[in-house]
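Open your viewer and get your selection tool ready. We will take a short tour together, one stop at a time.

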Amino acid sequence: MWQAWEKGIVLAGISAGSLCWYEAGVTDSYGDELDPLQALGFLPGSNCPHYDGEELRRPRYHELIRTGVIQGGIAADGGVAVHYIGTDIHRIVSSRPGASAYAVQLVDGRVEEEAVKTEYLGK
């Protein structure tokens, strides 16, 4: 994988296939619980897909960040894609109106999230 990355080959994925590129993330791919996952580390911080699609996803991501289990990072609602060039966010797009991505960080012991500009690709 690192060889592909270093050659500039596009790496992509949805759901767990998106969080795998980060240092860590939250997943239920290995069972019924939302657990932290140490990932490949191509991208800094953590990732949380399905941010608006599962009732417990957002609070669990916040808990993992607040308790220091994982670093803050980027969360994405369903239908949202985060496009990076290298390790910098280049563009965030959505196939659903109103869906967004969020920068989620620990600030003075509290988890804060901020919506990141997301471009709806529909009409």
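The stops below cover confidence, the cysteines and a pocket.

This is a predicted model, where local features need pLDDT of at least 70 and side-chain atom pairs pLDDT 80 or more, while totals for chains, interfaces and linings use all residues. Residues are numbered from 1 along each chain as its sequence is written, and side-chain values use heavy atoms, without hydrogens and water.

**Stop 1: confidence.** Colour the chain by pLDDT, the predictor's confidence in each residue, from 0 to 100. The chain averages 92, with 100% of its residues at 70 or more. Now select helix α1 (residues 2-6), whose mean pLDDT of 77 is the lowest among the elements, then strand β7 (residues 101-107), which has the highest, 98. Elements are DSSP runs numbered from the N terminus: helices (H or I) of at least four residues, strands (E) of at least two.

**Stop 2: the cysteines.** How many disulfides are there? A disulfide is a pair of cysteine sulfur atoms within 2.5 Å, and the count is 0.

Stop 3: Select β5 (80-85) and β3 (43-48), the elements that give two or more residues to the lining of the largest pocket. The largest share, 6 residues, comes from β5.
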